[in-house]
Amino acid sequence: GNTCWLLPSDKDEHKEKRDFRFDNCYWSHNRSHPNYASQDTVFEDIGKLALNNAFSGYNVCVFAYGQTGAGKSYSMVGSPDDKGIV
């Protein structure tokens with residue numbers, strides 16, 4: 001899987017770096033950033049397999065976890081110009 005690191009700020013009670021492990025972890029805050037993950041990237045990594053399995057009759061669950069406003073719903077639904085997984 002992937003690891004995301006939370007680096008403490010000066011105001012943070014926890015002074016050490018904390019690791020979080022996920023099957024997939026994306027950076028989607030700045031389109032010009034080299035690690036930016038587009039809706040197409042998320043669909044290719046997660047959506048395509050999930051939808052193919054659902055259409056084949058299997059139960060499917062995409063669990064999106066993150067901070068409020070991080071883009072979980074947007075990744076799933078998208079917008080008219082930038083489609084989401086569903």
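Which residue forms a salt bridge with R31, and how far apart are the closest N and O atoms? The partner is D82, with the closest N and O atoms 3.6 Å apart. Keep that pair in mind while going through the views below.

This is a predicted model, where local features need pLDDT of at least 70 and side-chain atom pairs count only at pLDDT 80 or more, while totals for chains, interfaces and linings use all residues. Residues are numbered from 1 along each chain as its sequence is written, and side-chain values use heavy atoms, with hydrogens and water left out.

**View 1. The whole chain, end to end.** Start at the N terminus and the elements of the protein chain run β-β-α-α-β-β. That makes two helices and four strands (DSSP runs numbered from the N terminus: helices are H or I with at least four residues, strands are E with at least two). The radius of gyration of the protein chain is 15 Å, well over the 12 Å that the globule rule gives for 86 residues, so the chain is more spread out than a compact globule (the radius is taken over C-alpha atoms, and the rule is 2.2 Å times the number of residues to the power 0.38). Along the principal axes, the C-alpha atoms fill a box of roughly 50 × 30 × 20 Å.

**View 2. The surface of the protein chain.** Of its 86 residues, 12% count as buried (under 20% relative accessible area; exposed is over 50%, and partly exposed is in between, using a 1.4 Å probe and protein chains only). The protein chain exposes about 7200 Å², and carbon and sulfur atoms supply 51% of that (areas come from the Shrake-Rupley method with a 1.4 Å probe; for residues, only the protein chains shown count as cover).

**View 3. R31 and D82 up close.** Here's the pair from the opening question, R31 and D82, joined by a salt bridge (a side-chain nitrogen of Lys or Arg within 4 Å of a carboxyl oxygen of Asp or Glu). The pair links distant parts of the chain: R31 sits in the loop between strand 2 (18–22) and helix 1 (39–55), and D82 belongs to strand 4 (residues 82–83), 51 residues apart. R31 counts as exposed because its relative accessibility is 60%.

**View 4. K48 and E44 on helix 1.** K48 and E44 are four residues apart in helix 1, so about one helical turn separates them. K48 has 35% relative accessibility, so it counts as partly exposed. E44, at 45%, counts as partly exposed too.
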